Amino acid sequence: MNAPLRYGLQAVLYAAFAATLGYFSTSPAFEPLPAGHALIRLSLNHAGQRKVACRTRSAEELAKLAPNMRAAEDCPRERAPVRVKVELDGAPVAAIVATPAGLSRDGASVAYRRIPVKAGTHRLRVALADDAAGTFDRVREEEVRLEPGRVLVIDFEPGKGGILLR
Amino acid sequence: MLKLLQRLLQRLFLLAESGANAVFGDRLNPLYHLGALSYFLFWVVVASGLYLYAFFDTSVTDAYLSVERITHGQKWAGGIMRSLHRYASDGMVLTMVLHLARHFAFDRHRGFRWFSWVSGVVLLWLVYAAGINGYMLPWDQLAQFTVTATAEWFDALPIFNGLLIRNFLSAENVNDRLFSLLSFLHIGIPLGVLALLWIHTHRVPQARTLPPNPHMAALGAAMVVLSIVKPALSLGPADLAFNAVAIDFDWFYLPTYALLYRWSPGALWALVGGLTLLAALAPWLPPKFGRRELRAFHVLANPDNRIIPVKEDESLLDACLRDGLAMPFDCRNGGCGVCKCTVLHGEVELGPYQESALSDAEREAGRVLACIAKPVSDVEIEYEPSGAAVRPVLVHEAQVVSMDLLAPDVMRVRLEVEGGGRIPFYAGQYINILLEDGQKRAFSFATAPHVPGPIELHIRRIEGGLFTTRVFTTMKVGDRLRFEGPVGSFFLREEGTKPVIFVAGATGFAPVKSMVEHAFHAGLARPMVLYWGTRTLADMYLRQLPEKWAAEHPSFRFVPVLSDPRPEDAWEGRTGLVHEAILRDYPDLAGHRIYACGSVKMVEAAQPAFAKQGLSPDDCFSDAFKLAPRIHSKDADLVRLGGRP
């Protein structure tokens, strides 16, 4: 192989290398969400109610305890799991039972779901239970309009009104 | 399955390398410089990254804007730097993956190379981590995707369990501290890469960390052109309330993220963890159960006349370079033929190579490519040193600490090396005493390598001998001597199971003593027999020692032979020439290994006689007759036992 041809082929191979880098560094495009879809992120970090309610200790019980341990109430640490149900247009799209963190199950319940949904207007219903009986006593239901690519966050913060849609 | 994959990859590489050899030439073939190319790209990434960091703003409001200013505000500086940063990072992934794949294909990841392999696997992940982390910094839609996908992926781990994503649910969750953290990581991880790269490369003797200049120039130019033609650009600014429907995706760094939403985060962890574990364990796959003999050998390299240990699966070139020999090399991949050497003795695995690098005629003539040839027995090679001179033998100063007359004409001299240091040597090697007028006299180590303390020599008086006369007349304890060593190729081969026959003539007992004591120390269990021949009983100066060995070690037998016993010796044992006693006792010497040390006359008479009775030339060791015709260097002395001039 003569020198000009060799140099030419070298240039072609370098160009091919560069083209490979150039192409695959941006292409083909990736679709993290199907076309025409929106995304619901259900995320919560909430400590459920105590599984067993606190009870007041009697005088006899208190007397049996060491002086430094004489708390007026006996509160078992374990908390109830937090249950969440999400329905879209009447159909369930998520049902979560989030167990409390910690060896004694006394921490917060954490949960996350990524729920792609078709874009458009939907009837959204979120119900949450955080007591031992699993009573879904916190409910939020409303109509939401989700454009393609829109991210709707469902969160729960009792201090800010309970179930939040952001 | 693994072998099949390796064979397939090997064929593909050899094919591609053959084509690249035609275009680039065998010494500039980029496929032979994949590791060095990765290094070069890493430095491009570092240099361009430092420039970008000077203009980057680590705040949630200005991260995106500062990158836009770098990209468009200084198109011919920052813009190109940003593009170089991205493309060099991408290129690094490509060259690293090919580098790893090549080593896997050619089975160069086993044995002592496991460390480089495993550190390479870790390096690849660190580079991935640094690259993915880099994509988070411009805070555009790709950064948003990368951050949230990373959080979602890590949230599948019980330790996070859904907490990480809560940092990216809405814009108010993200603040300036995130960008300080990301910048810190984007500096810290590459520093870790650099540290590990150094460790990774340090294990390879004389590893090249930069490719040839033409490659650097051409690759650098290609990337600048690419940066101009297709500059790296940001997508739209991040908005956590919206998810981009289609993203310009970097498939070098983010392919795992593409699977995240096709599979589940847990399945992706299983895939990535499984592949990483498989890659990390590859040097030991398939597993070999039970005890296995370690295939480590020695190479005697000429013209240095130096014995070098070769680790299991190590190439001749790597072993020689590790020992500081000036062996020439270039591609180190069996492509250029620069490292060609001749195998004089022993066997090697040739390894896969380009036919243009080693012709059939050369192969027939015993030529091999040292960069890929692995010994499968002890070997002796000859090569042409590159530029630098043959490595000189070390010179030591020593003091005579004791002198004992073992026989009327045999003196045991013990030398303590200056500073009390020990000289590493092989059982059977020797030293050259350096005389004032420049002459040398060779004496074998009589001590085994593991024995601490002074060096023991057995010196026989030679009538008219310059040095030996001095030993028996004027030398006294406390005298100082200079010597060079260790030298010599006569040493105990520990591999194999063949019974060993030692043949010692007179003070030829000295190296045999070293070898036998070493064999006992090393736990060599094969049968050993020593035939020690002297003229009279008085000449057999340490006869009690081999008798003691025979009493203590069932695998050892001692046969003393006198050629001219005196009446006062009252000798009833074997008589005659020592090698003839062996010939009588062993009508068939095939399957034996003989170490002969004595006068040149003795071994010259013995060698053809042994060969006639079936002894393989590969199993007959004595410097006196094996190496004499082959050593070209004047300094490469032969063992001249007994201080013969």
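This is a predicted model: local features need pLDDT of at least 70, side-chain atom pairs count only at pLDDT 80 or more; totals for chains, interfaces and linings use all residues.
Just after helix 4 of chain B, Asp107(B) adopts a positive phi of about 60°.

The secondary structure of chain B comprises 18 helices and 19 strands. Its C-alpha atoms fill a box of roughly 115 × 50 × 50 Å, taken along the principal axes. The radius of gyration of chain B is 33 Å, whereas a compact globule of 645 residues would have a value near 26 Å. Buried residues account for 43% of the 645 residues in chain B. Among the contacts in chain B with a separation of 6 or more, 72% involve residues 24 or more positions apart.

The nonpolar interior comes next. In soluble globular proteins, nonpolar side chains tend to be buried together. Here the largest nonpolar core has 183 residues, and those with the most contacts inside it are Val299(B), Leu316(B), Cys320(B), Ala370(B), Phe502(B), Val503(B) and Tyr531(B). The largest share of this core, 11 residues, is supplied by helix 4 (residues 75-105) of chain B. Which residues does Val503(B) touch, not counting residues up to four places away in sequence? They are Tyr531(B), Val578(B), His579(B), Ile582(B), Ile594(B), Ala596(B), Gly598(B) and Ala606(B). One of these partners, Tyr531(B), is itself listed among the residues with the most contacts inside the core.

Chain A has two helices and 10 strands. Read along the sequence, these elements follow the pattern α-β-β-α-β-β-β-β-β-β-β-β. The C-alpha trace of chain A spans about 105 × 45 × 25 Å along its principal axes. For chain A the radius of gyration is 28 Å, while a compact globule of 166 residues would have one near 15 Å. Of the 166 residues of chain A, 25% count as buried. Among contacts in chain A between residues at least 6 apart in sequence, 62% join residues at least 24 apart.

The two chains meet at an interface in which 39 residues of chain B are in contact with 36 residues of chain A. On the side of chain B that touches chain A, the elements giving two or more residues are helix 1 (2-24), helix 4, helix 6 (141-154) and helix 8 (213-229) of chain B. Helix 8 of chain B provides the largest share of that side, six residues. By class, the side of chain B that touches chain A has 26 nonpolar, five polar and eight charged residues.

Helix 8 of chain B has 17 residues and reaches 24 Å from its first C-alpha to its last, close to the 24 Å expected at 1.5 Å a residue. Within this helix, Ala218(B), Leu219(B), Ala222(B), Met223(B), Leu226(B) and Ser227(B) are buried. What covers the buried residues of helix 8 of chain B includes helix 1 (3-24) of chain A, together with helix 2 (34-55) and helix 4 of chain B.

Several details of the backbone complete the tour. In chain A, the peptide bond from Ser27(A) to Pro28(A) is cis, with omega near -10°. Pro28(A) belongs to the loop between helix 1 and strand 1 (37-46) of chain A. In chain B, a cis peptide bond joins Leu285(B) and Pro286(B), with omega about -10°. Pro286(B) is found in the loop between helix 10 (265-281) and strand 1 (297-302) of chain B.

Positive phi values are a further feature of the loops in chain B. Trp139(B), a residue other than glycine, has a positive phi near 50°. Trp139(B) stands in the loop between helix 5 (114-136) and helix 6 of chain B. Is Trp139(B) buried or exposed? With 25 other C-beta atoms within 10 Å, Trp139(B) is buried. Asn161(B) is not a glycine either, and has a positive phi of about 55°. The loop between helix 6 and helix 7 (176-202) of chain B contains Asn161(B). Asn161(B) is partly exposed, with 18 other C-beta atoms within 10 Å.

Definitions and conventions
Residues are numbered from 1 along each chain as its sequence is written. Chains are lettered from A and ligands numbered from 1 in the order in which they are written. A nonpolar core is a set of buried Ala, Val, Leu, Ile, Met, Phe, Trp, Tyr and Cys residues joined through C-beta atoms within 7 Å. A residue is buried if 20 or more other C-beta atoms lie within 10 Å of its own, exposed if 12 or fewer, and partly exposed in between; C-beta atoms are placed from the backbone. Helices (H or I, at least four residues) and strands (E, at least two) are DSSP runs, numbered from the N terminus. Two residues are in contact if their C-beta atoms, placed from the backbone, lie within 7 Å. Ala, Val, Leu, Ile, Met, Phe, Trp, Tyr, Cys and Pro count as nonpolar, Asp, Glu, Lys and Arg as charged, and the others, Gly among them, as polar. The expected span of a helix is 1.5 Å times one less than its number of residues. The radius of gyration is taken over C-alpha atoms; the globule rule is 2.2 Å times the number of residues to the power 0.38.
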